[in-house]
Amino acid sequence: MKICADALLPFHQGYTQCVRKFIIRCQEGAFMAGEIFGNIYTLTGQVQRTARIVFSLTEVVLIQFVQDVFERPLRNHVKKELDSKNALEDQLKTLYDLYTCTQKTALKLRDYKLAPDLGFYNRLTQSVFVGSLLSYIKKEVKFLTERCRQ
């Protein structure tokens, strides 16, 4: 696999496709059940070890992998969890819990030294919650207004 990846390196499009397939393949079945946040950390470690063996540009592959995990499986998980809550209070609590767990996971990924700046990890978290955070203030105001009327 390393020979193939190295052979594709001069051909940007072929190398990019190889990396993309690798990222998708690594995620297959990884988030079916269990604790997604712990799975992200564990899987990143496994992917890092494999990527070091296979790819010359390991750091680039790992950053793309982590971004993809946050933008697809984790975002889908967050959306599913938030959509499953009907009561406004439950939605707000779930949003807080998910945001906190995502932040902790992003910061824990610093162990793998993927990016030198903290901004990268903050952007990961923000990318997952961009839609939810836009409506958060409205939901919070509505919840507090309803609470005050009781």
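Predicted model: local features only at pLDDT ≥ 70, side-chain atom pairs only at ≥ 80, totals over all residues.
Two packed helices are described by the angle between their axes and the distance between the axes. For helix H4 (residues 58-83) and helix H6 (residues 118-149), the axes come within 9 Å and cross at roughly 30 degrees. Angles under 35 degrees count as roughly parallel, and H4 and H6 are therefore roughly parallel to each other. Their crossing is right-handed. On the H4 side, the contact is made by Ile63, Val66, Gln67, Phe70, Glu71, Leu74, Arg75, Val78 and Leu82. H6 contributes Phe120, Leu124, Thr125, Ser127, Val128, Phe129 and Ser132. Sorted by class, the residues in the contact of H4 with H6 comprise 10 nonpolar, 4 polar and 2 charged.

A search of the whole structure for disulfides returned 0. Cys18 has a relative accessible area of 18%; a residue under 20% counts as buried, so Cys18 is buried. Cys148 has a relative accessible area of 68%, and because the limit for exposed residues is over 50%, Cys148 is classed as exposed.

In the loop between helix H5 (88-108) and H6 lies Lys113. The phi angle of Lys113 is near 50 degrees, a positive value in a residue other than glycine. The relative accessibility of Lys113 is 70%, and this residue therefore counts as exposed.

How values were computed
Residues numbered from 1 in each chain as written. Heavy atoms only, no water. Axes fitted to C-alpha atoms, helices over the stretch in contact; angles between N-to-C directions. Helix = DSSP H or I, 4+ residues; strand = E, 2+ residues; numbered from the N terminus. Parallel < 35°, antiparallel > 145°, perpendicular 65-115°, else oblique. Left-handed = near helix turned anticlockwise from the far one by under 90°. Contact = heavy atoms within 4.5 Å. Nonpolar A, V, L, I, M, F, W, Y, C, P; charged D, E, K, R; others polar. Disulfide = S-S within 2.5 Å. Buried < 20%, exposed > 50% of the residue type's maximum accessible area, 1.4 Å probe, protein only.
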